[in-house]
Structures are given as structure tokens and as C-alpha cells.
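Hello,

Here is the structure I promised to pass on. Please open it beside this email and follow along.

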Amino acid sequence: MLNPIDSSSFSLKAGATFQDPFDRVGSLGKGADGAGEATPGDVLGDFSKALTHEMDKVNQLQATADQATQTYATGGDIPLHQVMISVSKAELALELSTEIRNKLINAYQELSRMQI
Amino acid sequence: MDIYEITASALTAQRLRLDTIASNLANVNTTRQADGTPGAYHRRNVVFAPLMAQANENAGPAPGGQIGQETSGGSGMGVQVLSIKEDHETPMRMVYSPGHPDANKDGFVEMPNINMVTEMVDMIAASRAYEANVTAFQSAKQMSQAALEM
């Protein structure tokens, strides 16, 4: 998702297909949306929308896994490996969002420790 | 296709191959068709073919490019089952059994061209291929989890 080492991925290219929520934050900082200075309201609004969007995707994966487990448990026509793959994907997505949360909290604590 | 789709298609294909082998073993003495008409059961084989991902505009540079696509695009190919074909090349077994209801006028019954040993070996191969794909999936999962610890 986030690639801080390669900063060229932060700029919006024509035909960019990468859905990175931080992409929009980076481009707002550079004024790529043509509005010049980005107000804090813009950044926060876009970021929370992006975060909600990503959480929806994680929730979608969880729902798919639940559905698959239920279908299998009631004797439906789904192979067992499909159930396990759905559950693994949901588990991985949840771990990723937990790690992102940890990183955000660390970053916030780092900032709040800064001496004025 | 990402690793999860590739592995899922492989597991499904090997499962189907195992089902076919099991049906061959079950019908080793079957001398009629499913609807009761005369005609022995022919050994069945599955035909695999690679499965290209659906062409989409997200399949830009190969993985490892500067954007690092992990869940979209990719260059892997899964496997699909094209068809389950009957084997009419191998000769059928003729067994002398004049009292059998399906014996021909010489007293021979046409039995399926299924060699138990070949089927057992194919079954072992199919189950090892299934396990190999499960191992590939576990490796991919471990790689992802290692990446999460960065």
C-alpha cells in the first residue's frame, strides 16, 4: 500500500491505477488539485473518507468469509479450500488494518513528543 | 491473477482430477452406461489448460514496478479444466464369463480399460499436487505476514 521509499509514487500520474489513500494526501500537499494551498479541513476530510473506504473493503472481506463458512457448514456447494482462502484473506486484511492503526498511533505519539 | 486466485484454481483442478480418478476406480467393473444401455465404462481423463486472468486495464507493469501492485494485475496464470475426456485409445479388457448378462456371443464381457495400479499412482500424484499448492499458499501467507512486521 504505502511506499515511502519511492516518493515518485506520491504524485498523480496520468492513468494511475493505484488506489492509495495516501496518494491523495500527498498530491494535495503539492497542490496537484489546482487549489493551491490545501486547508486542514480538506486533508482531514479526504483522509477520513479514504480510511472509511478501506475499512469498508476489510468489512467486505469479513462478510465474504462469513458467508463462505456458513455455506460450507450447511452443506452448500463450496469447496473447503475456497472457505479457507476467504478466511485467510479476511484475517490478513484485519492484521493489515491493525498494523496501520499501530503505525498511525506511533506517528501521532512521535509528533506529540516534539519539543516546541 | 494474484496468488490466492491462482492457488484456488489449482486446488479446484486437482480436486476435480481426484474425483475423476475416484470415479474410474468406482467403475472398474461397470459394463453398462448410466441409463442402462449396453456399453462399458471408458476410463476418463481430465484435460487442463492455463487460465489467463480477465484482461483489465489494471494489468500495467509487472509486479515489482514502482507502484507495487499486489492485489491487482499480476502475471500469474491459474489452471482450468477444459474437459473430461473418455479414453478410447487404450484397449478394453475382454474377460471370458459366459454366464454374465452382458456377455457377447463368444462368452466374452467387455470390461472397462482401467488399470488399478495406474489409477492409484495418478491418485497419489493428484494428492501431492494438492499439497504442493497448499504449501505455495502458506508460503505466500507467510510472506505477507513478514511484510506486516516491517
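Predicted model: local features only at pLDDT ≥ 70, side-chain atom pairs only at ≥ 80, totals over all residues.

**What I found**

Start with strand β4 of chain B, residues 108–111, where the side chains alternate. B:Val109 and B:Met111 point to one face and are buried.

Strand β4(B) has a partner. Strand β3 of chain B, residues 93–96, pairs with β4(B) in the antiparallel sense, over 4 bridges. Within that pairing, B:Arg93 has B:Met111 as its bridge partner.

Now turn to chain A. Chain A has 3 helices and 0 strands. Of its 116 residues, 20% are buried. The accessible surface of chain A is about 8,100 Å², and carbon and sulfur atoms hold 59% of that.

Look next at helix α3(A). Its 33 residues should span 48 Å at 1.5 Å a residue, and the end C-alpha atoms are 48 Å apart, so the two values agree. The buried residues of α3(A) include A:Val83, A:Ile85, A:Ala90 and A:Leu92.

Which residues make up the largest nonpolar core? There are 6: A:Ile85, A:Leu92, B:Tyr4, B:Ala8, B:Phe137 and B:Leu148. The elements giving two or more residues to this core are α3 (80–112) of chain A, plus α1 (3–26) and α2 (116–148) of chain B. Take A:Ile85 as an example. Beyond its neighbours within four places in sequence, A:Ile85 is in contact with B:Tyr4, B:Ala8 and B:Phe137.

Best wishes

Definitions and conventions
Residues numbered from 1 in each chain as written. Chains lettered and ligands numbered in written order. Heavy atoms only, no water. Core = buried A, V, L, I, M, F, W, Y, C linked by side-chain atoms within 4.5 Å. Buried < 20%, exposed > 50% of the residue type's maximum accessible area, 1.4 Å probe, protein only. Contact = heavy atoms within 4.5 Å. Pairing = 2+ DSSP bridges. Expected span 1.5 Å × (residues − 1). Areas by Shrake-Rupley, 256 points an atom, 1.4 Å probe, with all protein chains shown as cover.
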